Amino acid sequence: GFAASQLAPGGAPAITGGNSTQVVQADPSNPNWTAVAAAASKAVVAIDVVGQGGASQGSGVVIDAAGHIVTNNHVVSGSGDARLTVLLGNVSYEATVVGTDPSTDLAVIKLTNPPSDLATMNFGDAKALKVGDPVMAIGNPLGLADTVTTGIVSALNRPVTTEAVTSGANMAQGSNVVVTAAIQTNAAINPGNSGGALVNTAGELVGITSSIASLSSGGNSQAGNIGIGFAIGADQVQYVAEQLIANGVAQHPQLGVTARDVGQTGQQGAVVASVVPDTGAARAG
């Protein structure tokens with residue numbers, strides 16, 4: 001079996017501006033990854049969280065000229081009084097947490113004094129992705145900043161469950177897991193890639209790399225690249241990031257049902273197990 005392991009430690013008005021890292025490919029089916037790496041890496045940062053409880057590392061993606069960076073909640077959650085530093089190229093910056101959303105494992109931080117020539121990454125259309133499309137992962141695996149790896153989209157809408165990292169009242173009571181309809185990729189990602197970019201051949205952000213499958217043996221699991229990594233799609237990333245920048249928190253719609261897997265032969269899927277009273281589902285009948 002396998003367990004999904006998080007990777008750390010180890011177009012809306014709110015998200016615009018800056019020097020876009022987008023690349024125009026002469027032949028998208030035969031991409032020039034050198035051009036993508038040179039451009040897109042300028043908008044990917046290494047994140048260091050150093051506090052009394054120890055240190056952790058992760059990655060992030062610059063999404064606007066104001067210095068907002070999207071990353072994983074588990075990279076920065078619980079940073080509290082910890083010192084948050086961001087390495088962009090060969091320059092280190094102080095940063096602060098703008099907001100976190102444990103239910104999706106996303107967070108936004110902000111550079112305290114962003115440079116005037118800050119490079120930013122555009123959001124791509126995650127819905128346009130197809131299995132087999134080429135992608136590049138960019139991040140800070142094992143503390144090796146500005147690492148790029150390539151692969152393909154291995155699967156889409158892959159249900160991946162990881163443990164939620166919570167602090168204070170950020171998480172809905174009784175919910176301690178994150179379930180993601182993830183983009184699966186075989187681009188090599190490792191601990192520290194968390195919060196980094198999964199980009200298409202145009203250098204657009206199509207996902208935030210967040211977890212990897214780890215082989216388990218005798219109750220023990222070892223996290224490392226085995227060619228099965230997962231990313232949160234850019235559509236969800238943008239939806240959450242816009243709310244975090246505007247309000248510091250994110251809200252999510254709920255149907256008001258519980259579901260279970262189909263247990264017999266035939267068409268597989270989910271069936272409604274119960275309807276929660278006084279919810280949208282209940283009112284809809």
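Biologist: What does the side chain of Thr185 reach at 3.1 Å?
Modeller: The side chain of Thr185 reaches the backbone nitrogen of Ala187 at 3.1 Å. That is a polar contact, meaning a pair of N or O atoms within 3.5 Å; within protein, one must be able to donate a hydrogen and the other to accept it, and residues adjacent in sequence count only if both atoms are side-chain atoms. This is a predicted model, where local features need pLDDT of at least 70, side-chain atom pairs count only at pLDDT 80 or more, and totals for chains, interfaces and linings use all residues. Residues are numbered from 1 along each chain as its sequence is written, and side-chain values use heavy atoms, with hydrogens and water left out.

Biologist: Is Thr185 buried or exposed?
Modeller: Thr185 is buried, because its relative accessible area is 0%. Buried means under 20% relative accessible area, exposed means over 50%, and partly exposed is in between (1.4 Å probe, protein chains only).

Biologist: Where is Thr185 found, and what does Thr185 touch?
Modeller: Thr185 is found in strand β12. Helices (H or I, at least four residues) and strands (E, at least two) are DSSP runs, numbered from the N terminus. Not counting residues up to four places away in sequence, Thr185 touches Val135, Ile152, Ser154, Leu198, Gly227, Ile228 and Gly229. Contact here means heavy atoms within 4.5 Å.

Biologist: Which element gives the most to the lining of the largest cavity?
Modeller: β12 does, with three residues. The lining includes Val178, Thr180, Ala182 and Phe230. By class, the largest cavity is lined by five nonpolar, five polar and one charged residues. Ala, Val, Leu, Ile, Met, Phe, Trp, Tyr, Cys and Pro count as nonpolar, Asp, Glu, Lys and Arg as charged, and the others, Gly among them, as polar.

Biologist: And what volume does the second largest cavity have?
Modeller: About 30 Å³. Its lining takes its largest share, three residues, from β3. Among the residues that line this second largest cavity are Val44, Val45 and Ala46.

Biologist: What about the second largest pocket: what is its volume, and which residues are closest to its centre?
Modeller: The second largest pocket has a volume of about 260 Å³. Of its 14 lining residues, Asn157, Ala181, Ile183, Gly233 and Asp235 are the closest to the centre. Two or more residues come from each of β11, β12 (177–185) and α3. β12 gives the most to this second largest pocket, with five residues.

Biologist: Let's switch to helices. How far apart are the end C-alpha atoms of α3?
Modeller: They are 20 Å apart, which agrees with the 20 Å that the 14 residues of α3 (234–247) should span at 1.5 Å a residue. The expected span is 1.5 Å times one less than the number of residues. Just after α3, Gly248 takes a positive phi of about 80°.

Biologist: Does Gln243 count as buried or exposed?
Modeller: Gln243, found in helix α3, counts as buried at 15% relative accessibility. Leaving aside neighbours within four places in sequence, Gln243 is in contact with Gly248, Val249, Ala250 and Gln251.

Biologist: Last one: which residue caps the N-terminal end of α1?
Modeller: Asn32 does, with a side-chain oxygen 3.1 Å from the backbone nitrogen of Thr34. The buried residues of α1 (33–40) are Trp33, Val36, Ala37, Ala39 and Ala40.

Notes. On a 1 Å grid over the protein atoms alone, a cavity is a set of points where a 1.4 Å probe fits but cannot get out, and a pocket is an open set with protein on both sides within 12 Å along at least five of seven lines; lining residues have an atom within 4 Å of a point. Grid points are joined across faces, edges and corners, and a volume is the space filled by probe spheres set on the points.
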